[in-house]
Amino acid sequence: MLCSFSQEGKFGIALQQYARVVRLLDGYFSNEEKEKRDPILLAGHLNLAACHLKLRNSFKCIKECEKVISFPHSRLQVVPLLFKGVSF
């Protein structure tokens with residue numbers, strides 16, 4: 001789900017776009033709406049982590065990975081752990 005900026009190597013711009021998506025989705029939602037929102041929010045945090053990793057922002061990458069790991073009902077545990085390992 002990488003945007004065209006990520007694919008072109010413009011990770012700074014991609015980082016801004018993913019941060020905007022995460023900010024917009026981090027509001028108040030009903031339980032039914034959260035079920036639809038959660039996969040997009042998880043992808044946003046993972047893409048933020050990937051951009052931070054490419055930009056060598058290790059601390060911020062780890063912070064985004066921890067958000068994904070602590071997310072309720074997250075099935076995505078391996079990818080954030082991999083990003084965290086690479087960040088060290």
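User: Why does Ile69 count as partly exposed?

Analyst: This is a predicted model, in which local features need pLDDT of at least 70, side-chain atom pairs count only at pLDDT 80 or more, and totals for chains, interfaces and linings use all residues. Residues are numbered from 1 along each chain as its sequence is written, and side-chain values use heavy atoms, with hydrogens and water left out. Buried means under 20% relative accessible area, exposed means over 50%, and partly exposed lies in between (1.4 Å probe, protein chains only). Ile69 has a relative accessibility of 26% and therefore counts as partly exposed. Ile69 lies in helix H4, and its C-alpha atom is separated by 9.5 Å from that of Leu42, 27 residues apart along the chain.

User: What makes the elements of the protein helices or strands, and how many of each are there?

Analyst: The assignment rests on DSSP runs, numbered from the N terminus: helices are H or I runs of at least four residues, and strands are E runs of at least two. By that rule the protein has five helices and zero strands. The order from the N terminus on is α-α-α-α-α.

User: Why are H2 and H3 called roughly antiparallel?

Analyst: Angles run from 0 to 180 degrees between N-to-C directions, and axes are lines fitted to C-alpha atoms, for helices over the stretch in contact. Under 35 degrees counts as roughly parallel, over 145 as roughly antiparallel, 65 to 115 as roughly perpendicular and the rest as oblique. Helix H2 (residues 11-25) and helix H3 (residues 31-54) pack at about 150 degrees, with their axes 9 Å apart. The two helices are therefore roughly antiparallel to each other.

User: Which residues of H2 and H3 make the contact, and how do they divide by type?

Analyst: Contact means heavy atoms within 4.5 Å. On the H2 side, the residues include Phe11, Leu15, Tyr18 and Val22, and on the H3 side they include Ile40, Leu41, Gly44, Leu48, Cys51 and His52. Ala, Val, Leu, Ile, Met, Phe, Trp, Tyr, Cys and Pro count as nonpolar, Asp, Glu, Lys and Arg as charged, and the others, Gly among them, as polar. The contact of H2 with H3 divides into 12 nonpolar, four polar and two charged residues.

User: What makes H3 roughly antiparallel to H4?

Analyst: The axes of H3 and helix H4 (residues 58-69) cross at roughly 160 degrees and come within 8 Å. That angle makes H3 roughly antiparallel to H4. The contact is made by residues including Leu42, Leu46, Ala49 and His52 of H3 and Lys60, Cys61, Glu64 and Val68 of H4. Eight nonpolar, two polar and three charged residues form the contact of H3 with H4.

User: Why is His52 described as buried?

Analyst: His52 has a relative accessible area of 7% and is therefore buried. His52 lies in helix H3. Leaving aside neighbours within four places in sequence, His52 is in contact with Leu15, Asn57, Lys60, Cys61 and Glu64. The C-alpha atoms of His52 and Leu15 are separated by 7.6 Å, although the two are 37 residues apart along the chain.

User: How do you know that Cys61 is in no disulfide?

Analyst: A disulfide is a pair of cysteine sulfur atoms within 2.5 Å. By this rule the count comes to zero disulfides. For Cys61, the nearest cysteine sulfur is that of Cys65, 4.2 Å away, and Cys61 is in no disulfide. Cys61 has 0% relative accessibility and so counts as buried. Cys51, at 1%, also counts as buried.

User: Is Arg56 buried or exposed, and where does Arg56 lie?

Analyst: Arg56 has a relative accessible area of 75% and is therefore exposed. Arg56 lies in the loop between H3 and H4. Phi of Arg56 is near 60 degrees, a positive value in a residue other than glycine.
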